[in-house]
Amino acid sequence: MITSVFFDVGETIVDESREYGTWADWLGVPRHTFSAVFGATIARGLDYRETFQVFRPGFDLTEERERRTAAGQPESFTEEDLYPDARPCLAALRESGLQVGLAGNQTARAETILRALDLPVDVIGTSDGWGVEKPSTAFFDRVITEAGCPADQVLYVGDRLDNDIRPAQEAGIATALVRRGPWGYILGDKTVSDQCMFQLDSLAELPDLVRKHNQSAR
(Lines give C-alpha, C1' and ligand atoms only; values in the text may rest on other atoms or scores of the structure.)
Protein backbone atom coordinates (compact mmCIF):
# COMPACT_ATOMS: atom_id res chain seq x y z
CA MET A 1 0.00 0.00 0.00
CA ILE A 2 1.01 3.62 -0.53
CA THR A 3 1.16 5.48 2.78
CA SER A 4 3.22 8.53 1.81
CA VAL A 5 3.13 10.67 -1.35
CA PHE A 6 5.91 13.16 -2.15
CA PHE A 7 5.79 15.67 -4.99
CA ASP A 8 8.45 17.42 -7.00
CA VAL A 9 7.90 21.20 -7.06
CA GLY A 10 8.82 22.87 -10.36
CA GLU A 11 6.47 21.91 -13.20
CA THR A 12 4.74 19.39 -10.94
CA ILE A 13 2.86 21.66 -8.57
CA VAL A 14 4.31 25.03 -9.67
CA ASP A 15 3.99 26.36 -13.22
CA GLU A 16 7.36 27.99 -13.87
CA SER A 17 6.36 29.76 -17.10
CA ARG A 18 6.26 33.21 -15.55
CA GLU A 19 9.54 32.78 -13.70
CA TYR A 20 11.47 31.64 -16.76
CA GLY A 21 9.93 34.56 -18.57
CA THR A 22 11.45 36.93 -16.02
CA TRP A 23 14.85 35.32 -16.63
CA ALA A 24 14.48 36.05 -20.33
CA ASP A 25 13.67 39.65 -19.44
CA TRP A 26 16.69 39.83 -17.13
CA LEU A 27 18.93 38.61 -19.94
CA GLY A 28 17.34 41.00 -22.41
CA VAL A 29 16.22 38.12 -24.64
CA PRO A 30 12.75 37.72 -26.20
CA ARG A 31 10.76 35.24 -24.15
CA HIS A 32 9.92 33.13 -27.20
CA THR A 33 13.62 32.86 -28.08
CA PHE A 34 14.57 31.93 -24.54
CA SER A 35 11.88 29.22 -24.45
CA ALA A 36 13.00 27.78 -27.79
CA VAL A 37 16.63 27.53 -26.67
CA PHE A 38 15.50 26.12 -23.31
CA GLY A 39 13.61 23.34 -25.07
CA ALA A 40 16.50 22.61 -27.42
CA THR A 41 18.85 22.36 -24.44
CA ILE A 42 16.60 19.80 -22.77
CA ALA A 43 16.18 17.83 -26.01
CA ARG A 44 19.96 17.54 -26.29
CA GLY A 45 20.10 15.98 -22.84
CA LEU A 46 21.90 18.93 -21.28
CA ASP A 47 21.34 20.60 -17.93
CA TYR A 48 18.73 23.34 -18.34
CA ARG A 49 21.20 25.83 -16.87
CA GLU A 50 23.21 25.57 -20.08
CA THR A 51 20.47 27.72 -21.62
CA PHE A 52 21.86 30.76 -19.83
CA GLN A 53 25.33 30.09 -21.23
CA VAL A 54 24.01 30.40 -24.77
CA PHE A 55 22.97 33.98 -24.17
CA ARG A 56 25.66 34.97 -21.69
CA PRO A 57 28.80 32.78 -21.61
CA GLY A 58 30.18 32.46 -18.10
CA PHE A 59 26.76 33.08 -16.57
CA ASP A 60 26.73 32.17 -12.85
CA LEU A 61 23.17 31.39 -11.73
CA THR A 62 23.89 31.87 -8.03
CA GLU A 63 25.47 35.28 -8.59
CA GLU A 64 22.69 36.37 -10.92
CA ARG A 65 20.05 35.36 -8.38
CA GLU A 66 21.78 37.63 -5.88
CA ARG A 67 21.90 40.47 -8.40
CA ARG A 68 18.22 40.08 -9.16
CA THR A 69 17.42 40.20 -5.45
CA ALA A 70 19.57 43.31 -5.00
CA ALA A 71 17.76 44.91 -7.94
CA GLY A 72 14.38 44.17 -6.37
CA GLN A 73 13.57 41.46 -8.91
CA PRO A 74 14.11 38.20 -7.02
CA GLU A 75 12.99 34.82 -8.29
CA SER A 76 9.52 34.25 -6.92
CA PHE A 77 6.21 32.47 -7.32
CA THR A 78 2.79 32.92 -5.76
CA GLU A 79 -0.50 31.09 -5.33
CA GLU A 80 -1.34 32.12 -8.89
CA ASP A 81 1.64 30.11 -10.18
CA LEU A 82 0.39 26.86 -8.66
CA TYR A 83 -1.14 24.52 -11.19
CA PRO A 84 -4.92 24.57 -10.58
CA ASP A 85 -4.99 20.87 -9.73
CA ALA A 86 -2.13 21.03 -7.21
CA ARG A 87 -3.74 22.25 -3.99
CA PRO A 88 -6.93 20.11 -4.40
CA CYS A 89 -4.79 17.02 -5.03
CA LEU A 90 -2.59 17.60 -1.99
CA ALA A 91 -5.64 18.21 0.18
CA ALA A 92 -7.50 15.12 -1.05
CA LEU A 93 -4.54 12.84 -0.41
CA ARG A 94 -4.00 14.25 3.06
CA GLU A 95 -7.69 13.99 3.92
CA SER A 96 -7.57 10.32 2.95
CA GLY A 97 -5.04 9.73 5.72
CA LEU A 98 -1.83 9.71 3.69
CA GLN A 99 1.30 11.61 4.57
CA VAL A 100 1.95 14.26 1.93
CA GLY A 101 5.25 15.97 1.22
CA LEU A 102 7.08 18.22 -1.21
CA ALA A 103 10.67 17.47 -2.15
CA GLY A 104 12.42 19.27 -4.99
CA ASN A 105 15.58 20.96 -6.17
CA GLN A 106 14.72 24.39 -4.83
CA THR A 107 16.50 27.31 -3.22
CA ALA A 108 16.15 28.40 0.39
CA ARG A 109 14.06 31.34 -0.87
CA ALA A 110 11.71 28.97 -2.67
CA GLU A 111 11.36 26.88 0.49
CA THR A 112 10.33 30.01 2.41
CA ILE A 113 7.71 30.79 -0.23
CA LEU A 114 6.37 27.22 -0.19
CA ARG A 115 5.94 27.36 3.57
CA ALA A 116 4.19 30.73 3.34
CA LEU A 117 1.66 29.29 0.88
CA ASP A 118 0.31 27.10 3.68
CA LEU A 119 -0.11 24.09 1.44
CA PRO A 120 -1.85 21.00 2.86
CA VAL A 121 1.38 19.02 3.30
CA ASP A 122 3.22 17.43 6.22
CA VAL A 123 6.79 17.79 4.94
CA ILE A 124 8.59 20.37 2.81
CA GLY A 125 12.13 19.49 1.74
CA THR A 126 14.45 21.28 -0.69
CA SER A 127 17.90 20.63 -2.04
CA ASP A 128 19.19 23.76 -0.30
CA GLY A 129 17.66 22.76 3.00
CA TRP A 130 18.72 19.13 2.82
CA GLY A 131 22.16 19.75 1.33
CA VAL A 132 21.58 17.16 -1.43
CA GLU A 133 19.93 17.48 -4.81
CA LYS A 134 18.28 15.26 -7.37
CA PRO A 135 19.10 12.99 -9.04
CA SER A 136 21.47 11.84 -6.28
CA THR A 137 20.61 8.71 -4.32
CA ALA A 138 21.10 10.69 -1.11
CA PHE A 139 18.16 12.92 -2.00
CA PHE A 140 15.75 10.02 -2.35
CA ASP A 141 17.18 8.34 0.73
CA ARG A 142 16.19 11.52 2.56
CA VAL A 143 12.69 11.30 1.09
CA ILE A 144 12.38 7.78 2.49
CA THR A 145 13.65 8.94 5.88
CA GLU A 146 11.16 11.81 5.97
CA ALA A 147 8.37 9.45 4.92
CA GLY A 148 9.13 7.21 7.87
CA CYS A 149 8.03 4.06 6.07
CA PRO A 150 9.55 1.45 3.72
CA ALA A 151 10.54 2.75 0.28
CA ASP A 152 7.88 0.68 -1.49
CA GLN A 153 5.16 2.48 0.50
CA VAL A 154 6.32 5.87 -0.83
CA LEU A 155 5.05 7.35 -4.09
CA TYR A 156 7.10 10.11 -5.73
CA VAL A 157 5.33 12.30 -8.27
CA GLY A 158 7.33 14.27 -10.83
CA ASP A 159 7.48 15.60 -14.37
CA ARG A 160 11.06 14.59 -15.21
CA LEU A 161 12.08 11.08 -16.17
CA ASP A 162 15.76 11.91 -15.63
CA ASN A 163 15.73 13.81 -12.32
CA ASP A 164 12.56 12.50 -10.69
CA ILE A 165 11.33 9.16 -11.96
CA ARG A 166 14.45 7.14 -12.76
CA PRO A 167 16.39 7.91 -9.54
CA ALA A 168 13.28 7.39 -7.40
CA GLN A 169 12.76 3.99 -8.99
CA GLU A 170 16.42 3.12 -8.40
CA ALA A 171 15.86 3.92 -4.72
CA GLY A 172 12.95 1.47 -4.62
CA ILE A 173 10.27 4.17 -4.52
CA ALA A 174 7.04 3.87 -6.51
CA THR A 175 6.59 6.63 -9.08
CA ALA A 176 3.95 8.66 -10.88
CA LEU A 177 4.83 10.69 -13.98
CA VAL A 178 2.77 13.81 -14.72
CA ARG A 179 3.08 14.91 -18.33
CA ARG A 180 3.44 18.67 -18.35
CA GLY A 181 6.11 21.33 -18.51
CA PRO A 182 9.05 21.20 -20.96
CA TRP A 183 10.58 18.01 -19.58
CA GLY A 184 7.25 16.23 -19.47
CA TYR A 185 6.76 16.69 -23.19
CA ILE A 186 10.34 16.55 -24.48
CA LEU A 187 11.88 13.65 -22.56
CA GLY A 188 10.97 10.08 -23.39
CA ASP A 189 12.22 6.75 -22.10
CA LYS A 190 9.73 3.89 -22.13
CA THR A 191 11.97 1.67 -20.05
CA VAL A 192 11.50 4.19 -17.25
CA SER A 193 7.96 5.43 -17.86
CA ASP A 194 6.61 1.88 -18.22
CA GLN A 195 7.77 1.15 -14.67
CA CYS A 196 5.65 3.98 -13.26
CA MET A 197 2.76 3.00 -11.05
CA PHE A 198 0.77 5.82 -12.65
CA GLN A 199 1.13 8.07 -15.70
CA LEU A 200 -0.93 11.21 -15.35
CA ASP A 201 -2.21 14.03 -17.51
CA SER A 202 -3.45 15.84 -14.42
CA LEU A 203 -2.88 15.63 -10.66
CA ALA A 204 -6.66 15.56 -10.31
CA GLU A 205 -6.51 11.88 -11.26
CA LEU A 206 -4.09 10.89 -8.51
CA PRO A 207 -6.16 10.69 -5.29
CA ASP A 208 -8.64 8.24 -6.81
CA LEU A 209 -5.87 6.17 -8.41
CA VAL A 210 -4.04 5.87 -5.08
CA ARG A 211 -7.28 4.99 -3.30
CA LYS A 212 -8.06 2.23 -5.78
CA HIS A 213 -4.50 0.91 -5.61
CA ASN A 214 -4.58 0.74 -1.82
CA GLN A 215 -7.97 -0.99 -1.82
CA SER A 216 -6.64 -3.66 -4.18
CA ALA A 217 -3.50 -4.07 -2.05
CA ARG A 218 -5.42 -4.90 1.13
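Start by finding Arg18 and Asp81: the two form a salt bridge, with their closest N and O atoms 2.9 Å apart. Keep in mind that you're looking at a predicted model.

Now zoom out to see where that pair sits.

How much area is buried between domain 1 and domain 2? It comes to about 920 Å², and carbon and sulfur atoms give 56% of that. On the domain 1 side, have a look at Asp15, Trp183 and Ile186: together they supply 46% of the area that domain 1 buries against domain 2, more than any other three residues.

Next, turn to a pair of helices, H5 (residues 86-95) and H12 (residues 206-217). Their axes come within 9 Å and cross at roughly 25 degrees. Angles under 35 degrees count as roughly parallel, so that is how H5 and H12 run relative to each other. Which residues meet there? From H5 you have Cys89, Ala92 and Leu93, and they meet Leu206, Pro207 and Val210 of H12. Sorted by type, the residues of this contact of H5 with H12 come out as six nonpolar, no polar and no charged.

How values were computed: Residues are numbered from 1 along each chain as its sequence is written. This is a predicted model: local features need pLDDT of at least 70, side-chain atom pairs count only at pLDDT 80 or more; totals for chains, interfaces and linings use all residues. Side-chain values use heavy atoms; hydrogens and water are left out. Axes are lines fitted to C-alpha atoms, for helices over the stretch in contact, and angles run from 0 to 180 degrees between N-to-C directions. Helices (H or I, at least four residues) and strands (E, at least two) are DSSP runs, numbered from the N terminus. Angles under 35 degrees count as roughly parallel, over 145 as roughly antiparallel, 65 to 115 as roughly perpendicular and the rest as oblique. Contact means heavy atoms within 4.5 Å. Ala, Val, Leu, Ile, Met, Phe, Trp, Tyr, Cys and Pro count as nonpolar, Asp, Glu, Lys and Arg as charged, and the others, Gly among them, as polar. Buried area is the accessible area (1.4 Å probe) that two parts lose on being put together, summed over both. A salt bridge is a side-chain nitrogen of Lys or Arg within 4 Å of a carboxyl oxygen of Asp or Glu.
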